[in-house]
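Hi everyone, thanks for making time for this.

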Amino acid sequence: MSLSTTPIKAARWAKAVSFWIMAGRPERSDEDVARVLEICRGCDRFENGSCNECGCHVTTGPAVFNKARMATEFCRLEKW
């Protein structure tokens, strides 16, 4: 299922960021982010820096804009 609507993506991002902040803003190491990105880039649901399954950005950027950096987040497909 592709998440093409902005409201769905925004709601999922807001939920992820809220949970991450409440948990104390834990971040993955650069090595862990690189591992996650490698997994995501090989997935058929990854496109243009985002996951089409959950709608989140998966990049090397700051945690507030990057699911791979937030240590509280995980792959909905259980790939990481």
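Before we start, one term: a residue is called buried when its relative accessible area is under 20%, and exposed when that value is over 50%. Please also keep in mind that this is a predicted model.

With that term in hand, take C43. Its relative accessible area is 10%, so C43 counts as buried. C56 is buried too, because its relative accessibility is 10%.

To follow that, you need the cut-off: two cysteine sulfur atoms have to lie within 2.5 Å. For C43, the nearest cysteine sulfur belongs to C51 and is 6.3 Å away, so by that cut-off C43 is in no disulfide. For C56, the nearest one belongs to C54, at 3.7 Å, and C56 is in no disulfide either.

Let's step back to the overall fold. The chain has two helices and two strands, and from the N terminus they come in the order α-α-β-β. The C-alpha atoms fill a box of roughly 30 × 25 × 20 Å along the principal axes. Why would we call the chain's radius of gyration that of a compact globule? Because a compact globule of 80 residues would have a value near 12 Å, and the chain has 12 Å, which agrees. As for contacts between residues at least 6 apart in sequence, 52% of them join residues at least 24 apart.

Next, the empty spaces. Rolling a probe the size of a water molecule over the atoms shows where space is left.

The largest pocket holds about 250 Å³. Its lining includes C54 and C56, along with F19, F74 and R76. By class, that lining has five nonpolar, one polar and five charged residues.

Then there are the cavities: the search finds two of 30 Å³ or more. The largest cavity has about 100 Å³ of space. Of the 14 residues that line the largest cavity, those closest to its centre are C40, C43, C51, C75 and W80. So here we meet C43 and C51 again. The lining of this cavity has ten nonpolar, no polar and four charged residues.

The second largest cavity comes to about 50 Å³. Among the residues lining it are W13, C56, H57 and M70. Its lining divides into six nonpolar, two polar and one charged.

Key
Residues numbered from 1 in each chain as written. Predicted model: local features only at pLDDT ≥ 70, side-chain atom pairs only at ≥ 80, totals over all residues. Heavy atoms only, no water. 1 Å grid on protein atoms, 1.4 Å probe; cavity = no way out; pocket = protein on both sides within 12 Å on 5 of 7 lines; lining within 4 Å. Points joined across faces, edges and corners; volume = space filled by probe spheres on them. Nonpolar A, V, L, I, M, F, W, Y, C, P; charged D, E, K, R; others polar. Buried < 20%, exposed > 50% of the residue type's maximum accessible area, 1.4 Å probe, protein only. Helix = DSSP H or I, 4+ residues; strand = E, 2+ residues; numbered from the N terminus. Rg over C-alpha atoms; globule rule 2.2 N^0.38 Å. Contact = heavy atoms within 4.5 Å.
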